[in-house]
Amino acid sequence: MRFALALNTMIAGTALAAALAPGTGLAQERKSLVTTQVEVSGEVRRKLSLSVEDLRGLAQRRGQMAAGGYAGIRLTDLLEEADIRQDDRHALRRTYVVASASDGYQAVFSWGELFNSPIGRSVLVAFERDGTALREGEGRIALVSLADERLGPRHVKWLSRIDVRRVPE
């Protein structure tokens with residue numbers, strides 16, 4: 001009986017160690033979520049594909065924002081860089097932005113919320129936290145909405161894509 005228990009414990013420990021070992025199992029799955037680029041596409045005149053260094057350079061040019069321990073560029077500045085299409089008379093009223101993570105998580109903002117409310121000034125595409133690069137647990141790029149009254153729902157770790165979309169007329 002003791003031998004069987006010891007054998008089962010040893011097998012379970014070996015399986016756990018294999019799952020957590022770098023390059024395999026859970027550790028590999030976690031590592032694959034880390035993002036080092038963000039794409040901006042959809043209803044924009046200029047599609048963007050930006051690395052952390054590209055974001056840092058853009059933030060230096062347009063004005064880096066720091067708040068809540070995070071540093072990066074305002075989402076509105078990034079969207080202005082991509083140049084949202086205004087083909088129709090009321091196009092912006094029907095425009096919304098979807099921020100997507102590599103794990104499938106998404107957060108949504110309306111154009112009006114971003115450009116006509118205090119919340120928009122506090123939505124940050126972050127690449128630093130507390131003066132250092134974001135850790136793998138957040139990806140190298142994350143989106144945080146620091147003015148939301150209920151924290152958490154619009155914190156997009158592993159940010160990989162920002163899509164500008166339009167509600168049909």
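Q: In which sense do β9 and β10 pair, and over how many bridges?
A: In this predicted model, β9 and β10 pair in the antiparallel sense over two bridges, where a strand is a DSSP run (E, at least two residues) numbered from the N terminus and two strands pair if DSSP finds at least two bridges between them. Valine 144 has histidine 155 in β10 as its bridge partner.

Q: And how many bridges join β7 to β9?
A: Strand β7, residues 123-129, is joined to β9 by four bridges, and these strands run antiparallel; alanine 126 stands opposite alanine 142 in β9.

Q: Which way do the side chains of β9 point, and are they buried or exposed?
A: From β9 (residues 142-145), Ala142 and Val144 point one way while Leu143 and Ser145 point the other way, and all are buried, meaning under 20% relative accessible area, with exposed being over 50% and partly exposed in between (1.4 Å probe, protein chains only). In a regular strand the side chains alternate between the two faces of the sheet.

Q: Changing topic, what is phi of tryptophan 158 near?
A: Phi of tryptophan 158 is near 55 degrees, a positive value in a residue other than glycine, and this residue sits in the loop between β10 (155-156) and β11 (159-166). Most residues other than glycine have a negative phi. Tryptophan 158 is buried, at 7% relative accessible area.

Q: Where is aspartate 83 found?
A: Aspartate 83 is in the loop between α4 (75-82) and β5 (95-101), a helix being a DSSP run (H or I) of at least four residues. Its phi is near 65 degrees, also a positive value, and aspartate 83 counts as partly exposed because its relative accessibility is 27%.

Q: What should I know about numbering and cut-offs?
A: Residues are numbered from 1 along each chain as its sequence is written, and side-chain values use heavy atoms, leaving out hydrogens and water. Local features need pLDDT of at least 70 and side-chain atom pairs count only at pLDDT 80 or more, whereas totals for chains, interfaces and linings use all residues.
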